[in-house]
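Let's take a friendly walk through a protein model together. Keep the structure in view and follow along as we go.

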2 protein chains.
Amino acid sequence: MSKKNKTRRPKARLPKGMRDGQAREIRAMNAMLEKIRAVYELYGFEPLETPAFEYSDALGKFLPDQDRPNAGVFSFEDEDKQWLSLRYDLTAPLARYVALNYDGLPKPYRRYATGSVWRNEKPGPGRFRQFTQFDADTVGAPVGAADAEMCMLMADVMEAVGIKRGDYVIRVNNRKILDGLREIVGLADSEHDGKWLTVLRSLDKYDKFGIDGVKLLLGTGRKDDSGDYTKGAELDDNQIQIIVGFVIQFIESLIPLSESNLEEDHDEKLFNKDSAEGPYVLETDDMLEEWRENIFHESEIGLQGVQELEDMLNLFESAGYGTLRIQIDPSVIRGLEYYTGPVFEAEVTFDVKNDKGQVIQFGSVGGGGRYDGLVARFKGIEIPATGMSIGVSRLYTALQALGELEDETTGPMLVLVMDKERIADYQKMTQELRAAGIRCEMYVGGSGMRAQMKYADKRGAPCVIIQGDDERNAEEEMVTIKDLVEGSELSKQITDNKEWREGRPAQFSVKRDELVEAVRLVLKRHTGQEG
Amino acid sequence: MSKKNKTRRPKARLPKGMRDGQAREIRAMNAMLEKIRAVYELYGFEPLETPAFEYSDALGKFLPDQDRPNAGVFSFEDEDKQWLSLRYDLTAPLARYVALNYDGLPKPYRRYATGSVWRNEKPGPGRFRQFTQFDADTVGAPVGAADAEMCMLMADVMEAVGIKRGDYVIRVNNRKILDGLREIVGLADSEHDGKWLTVLRSLDKYDKFGIDGVKLLLGTGRKDDSGDYTKGAELDDNQIQIIVGFVIQFIESLIPLSESNLEEDHDEKLFNKDSAEGPYVLETDDMLEEWRENIFHESEIGLQGVQELEDMLNLFESAGYGTLRIQIDPSVIRGLEYYTGPVFEAEVTFDVKNDKGQVIQFGSVGGGGRYDGLVARFKGIEIPATGMSIGVSRLYTALQALGELEDETTGPMLVLVMDKERIADYQKMTQELRAAGIRCEMYVGGSGMRAQMKYADKRGAPCVIIQGDDERNAEEEMVTIKDLVEGSELSKQITDNKEWREGRPAQFSVKRDELVEAVRLVLKRHTGQEG
């Protein structure tokens, strides 16, 4: 014991907030990423890969949690005393890339990128410190059509990965509208940054607490069912009335299909088709008119935001992306400080359950918006840009809930090692099967037959290949194929152990030189039976 | 000026030793990775993904440059004062994963993994601080067949990515043979570690300097053509004679095909087929016999190594992987300290040129070997393991030299914006083309026609779609397709500018509702012409 104690062994453990990805998940995830990639390519975006870390000053700090200024990134110093940080998103490195390569790039520059990002934040259930994003951005695009395109791209991605129309929605808002509101209620000064953040947070809670909840949060505060108290923004009645009036105008413009002017049942015009009260129609013209005349009439930026929203709606409608797919939602905030115009997020509208089978508030699977100032950090000139980001793990979780993820890879054929002296013969069989494109391996562990059969089971091997002395030395060399899939089916029917052993069901012998063909037939039979 | 100076702008720059990956390269790289993945799957390996960083103590430090103990990894401290390091390879995280999940894993556990790794080393030409590896490993596999399989897997990968048989070779050695040599020449004590490292480095130079160069390096040292002097290992004559004798036995067992007993011309038996003196055959039996009787007769570990090598050769031969694909090479060292048995590396044998067109010493594109001690760091019990790693960037560079990499993605169709008021119409065309699976975009920049045509050219757009007022207002709405590929061909033939402008070659109009079909025909014609 004394000797052993001398060696201090490290403990095998995962870093906090990290996880290992398993085979089934990786394959399904890759299949999903390929579908997203195909849509991005279809839209004319080009791939770009930037390094995992950047100089900290070049990366800047544009994290959603602006109120936790010290948290966020993983950083380290290099040997010449410059600070480096692991990227926390794919947008900041894009800004660095564009600034560095501006002259040589096509304008607009349209790129997509995917990869890990890292956040030095408190991990929680489903909240990891490393996760994958999949972004598309257009840099050097001043027109609203570029933003509209991002929303349509997001909608197309949803359908490409297997979410049916009506099971998702892209909700759109515009930062200029929110800036207009801020102006009107007299909080435009930077000294009110904190208060305004609370206002935005309150608006963001509309989905959860309804308009009455928002009212409380804009005022003194709100106590939830558990008794927890959330402090409010402490606006005065006039301020609250303006902000609530803005949201109410939206709510009142949603009218039941039966009361609308819509002549025929046109899916594309529908809003919340599956709501308990039946489908709604958004009377967009009325709403925008009200906003213009009664809310934003004195705010230039607000009016500009309303106009941009209207222009985008026209593009959606013309291109056939009606309100069932892309909808206005004045409560969409998006956390990032750098957005300057249209913002949007993608939500799934079907039920997603947690591990305990409870339906959870799932939130968005991605989003984006316009950020005209990000490249300006380096260049000093404004370069208009717009983009979107998909939270790959969240989308994956949503697809899992839908049952839309399948890994069709079967386990490998397993060639058993009956006799260690004859391993070269087994290896030859294995390579023959592989050369024929059949997923296969020879057992390379150190254990006997029992362990080998257990291993075959654990790996999900459809068959094992067996050759003992009898088969080897037969007048004509033979090999035995044991069909584990069929065997497992049969074993459910046969209860008598003895009968099982003697019958050796789902097991047959073929001539050695017919091995590949015979395995192929078994696999074909499985696919035929199963598919 | 005074105002501007107040804003300190960060400089857009790449971290030292880092690079950005461009579209063409990313697409070709992904296609290559998919081919590798398919072979790994065929061999029955399962994917695994571990995080980018690990606790530093769990990762350990097994870098090739053992003589620079302070260099190597990028590390940082987390908030509870534990050190984390970015992974420098994919093997150390595998050891952590296996130790953490040992009981639940199938045994043997066969996994593949790909991803970035990071080395805090001095960057140089073609030597970056972030690069990609693609590994396969079998943990819990004590038998030599598991090592042999790795070599065959490596050979199959070479062919899968497009390197013809004869254009690559997998060179195999065994650490136990080298350990045997070390024992025989009396350098087994750890006090001789440094000296032995110099011996291994000298052996490693056999390819470059031949046996005479190795002799000098084992002795006092060697002066190269430029006058630079490399200090030798300073072995005595007897020691040098043993080591050189070991290599010479290998060289002498390589005999020209014409002098061999080989009755027919059997490609699989050939060694260095393309050498100036014609093909060789390795008289393996003679060589191994000599090694056993005259070199390693007094070293148990040496004899064990020779036996392991012989067993592997039998497996290769039986499975049809003869010496043209997998060859013994006693000068293969592999840098990593943790190897304990068979080691091998994959080399391309065709010429690879650098940027200046000079043929360069290209070295290996991957390799691997047996490491029975790595998981033992955590578990205290030895868990035999063997694996291989592909240096993805190096393999990519080799394939570039072969011309085996192609990105067949064409640029997107471009719908021009002739009239900003009618952007919704252009957007509709764009979405129609996309819905038909045609890569397409509408111009979303802010510039006029000239810039739009330049953009189309820069993006490699096969066509642009144009609709002005004339076409829009025609009795039947029309749209013009300008074929840029054909246009570029024609412009080579037409030298008269006026004739060009008037003829408007490669440009034609179709009815608006026939747009998709017409674009499809143009694309089909291109593929027909080009392919």
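A polar contact is a pair of N or O atoms within 3.5 Å; within protein, one must be able to donate a hydrogen and the other to accept it, and residues adjacent in sequence count only if both atoms are side-chain atoms. Helices are DSSP runs (H or I, at least four residues), numbered from the N terminus. With that in hand, look at D236(A), which caps the N-terminal end of α9(A): one of its side-chain oxygens lies 3.2 Å from the backbone nitrogen of N238(A).

This is a predicted model, where local features need pLDDT of at least 70 and side-chain atom pairs count only at pLDDT 80 or more, while totals for chains, interfaces and linings use all residues. Residues are numbered from 1 along each chain as its sequence is written, chains are lettered from A and ligands numbered from 1 in the order in which they are written, and side-chain values use heavy atoms, leaving out hydrogens and water.

Now follow helix α9 of chain A, residues 237–252. Buried residues (under 20% relative accessible area, 1.4 Å probe, protein chains only) in α9(A) include I240(A), I243(A), V244(A) and V247(A).

Next, see where the chains meet. Contact, meaning heavy atoms within 4.5 Å, links 100 residues of chain A with 100 residues of chain B. Between them there are 24 salt bridges, each a side-chain nitrogen of Lys or Arg within 4 Å of a carboxyl oxygen of Asp or Glu. One joins R27(A) to E41(B), with the closest N and O atoms 2.8 Å apart.

Methods. Buried < 20%, exposed > 50% of the residue type's maximum accessible area, 1.4 Å probe, protein only. Helix = DSSP H or I, 4+ residues; strand = E, 2+ residues; numbered from the N terminus.
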